[in-house]
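This briefing covers the fold, the nonpolar regions, the aromatic contacts and the salt bridges of the structure shown below.

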Amino acid sequence: MRKPFHSKTSSRIMLAVISTMAIAGLFLVLEFTPSISGQAGDVMAQKIFYYHVPSAWTTGLAYFVVMIAGIQFLRTGDHKWDWVGLASAEIGTLFCALVLITGPIWGKAAWGQPWTWEPRLVTTLILFLIYVGYFMLRQFGGHYERAARNSAVLGILAFVDVPIVYVSLKFWSEETQAHPQAQMGGQSTTILWIFLFVLSTFALLSVHMIRYRIHLLSLRNELLTGNHGI
């Protein structure tokens, strides 16, 4: 009989580390990062930067795993890769939703309006909608094997939009951009290290969530097949 996921020592240690880092990260962001007044004058909104940007990077990381898992599933036919792809797609889309939620909160303070149809926002929204289609394909795409293969192909193709999101600041002229052009390398050492700390927390959290979701998918497979020996 498979052990519950959080009864494993490694899972409990990982959860304790992530929880500690999340609390420490929140303290660092609130106490040691600058508050900057934007167009709307909300100085605390700048703190969202330390959660908005790591959410975006974690989204890209999860969708990269979807692409790799899709290639491996199409190459080997091993359903474990399909579980990895589905779990990563779910977690990646959760973080992408966080990007689309925190972005307008910051935009309202910085630009005076929550949304503008500028390149990075639009390409991020397109990425989110592509993965809405991914889940609809899995849900309504017919037989499991066919839906799994078609969604693997879609997951591979969808990753094309990820680098477009990240380089969109360079694709279009500055006049069409609302996002700041500054690079992280130009930030102070304190800001950079706190950002990297929160980014590491998000990365570990996403890995833990993907592992947990894969565990649940494998349990569901055991129940459907009656095979408890995998």
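Patches are made of residues with over 30% relative accessible area and no salt bridge, like charges being joined within 9 Å and nonpolar side chains (Val, Leu, Ile, Met, Phe, Trp, Tyr) within 5 Å. Accessible areas come from the Shrake-Rupley method with a 1.4 Å probe, and for residues only the protein chains shown count as cover. By this rule, F64, I68, I71 and W81 make a nonpolar surface patch of about 310 Å².

The model is predicted: local features need pLDDT of at least 70 and side-chain atom pairs count only at pLDDT 80 or more, whereas totals for chains, interfaces and linings use all residues. Residues are numbered from 1 along each chain as its sequence is written, and side-chain values use heavy atoms, with hydrogens and water left out.

**Fold and burial**
- The protein chain has 7 helices and 0 strands, where helices (H or I, at least four residues) and strands (E, at least two) are DSSP runs numbered from the N terminus.
- Of the 230 residues of the protein chain, 40% count as buried; buried means under 20% relative accessible area, exposed over 50%, and partly exposed in between (1.4 Å probe, protein chains only).

**Nonpolar patch and core**
- Helix α2 (residues 49–76) gives the most to the nonpolar patch, with 3 residues.
- F64 lies in helix α2 and is partly exposed, with a relative accessible area of 37%.
- A nonpolar core is a set of buried Ala, Val, Leu, Ile, Met, Phe, Trp, Tyr and Cys residues joined through side-chain atoms within 4.5 Å.
- The largest such core has 28 residues, of which Y50, Y63, Y131 and F195 touch the most other members.
- Elements that give two or more residues to this core are α2, α3, α4 (119–140) and α7, and the largest share, 8 residues, comes from α7.

**Aromatic contacts**
- The structure holds 12 aromatic pairs; rings of Phe, Tyr and Trp (its six-membered ring) pair if their centres lie within 6.5 Å, and planes under 30 degrees apart count as stacked, over 60 as edge-to-face and the rest as tilted.
- The rings of F95 and F202 form a tilted pair, because their centres are 5.8 Å apart and their planes are at 55°.
- This pair links distant parts of the chain, with F95 in helix α3 (residues 79–111) and F202 in helix α7 (residues 189–225), 107 residues apart; both F95 and F202 are buried.
- Y134 and F135 have ring centres 5.3 Å apart and planes at 90°, so the pair is edge-to-face.
- Y134 counts as buried at 3% relative accessibility, whereas F135 is partly exposed at 25%.
- Ring pairs also link F49, Y50, W57 and F195 into a cluster.
- The charged end of R149 sits over the ring of F73, 5.5 Å from its centre; the criterion is NZ of Lys or CZ of Arg within 6 Å of the ring centre and within 35 degrees of the ring normal.

**Salt bridges**
- The whole structure contains 2 salt bridges, each defined as a side-chain nitrogen of Lys or Arg within 4 Å of a carboxyl oxygen of Asp or Glu.
- R138 pairs with D82 in a salt bridge whose closest N and O atoms are 2.8 Å apart.
- R138 lies in helix α4 and D82 in helix α3, so this pair ties together parts that are 56 residues apart in sequence; both residues are buried.
- E90 forms a salt bridge with R213, with the closest N and O atoms 2.4 Å apart.
- Since E90 lies in helix α3 and R213 in helix α7, the pair ties together parts that are 123 residues apart in sequence.
- E90 counts as partly exposed at 24% relative accessibility, and R213 counts as partly exposed at 23%.
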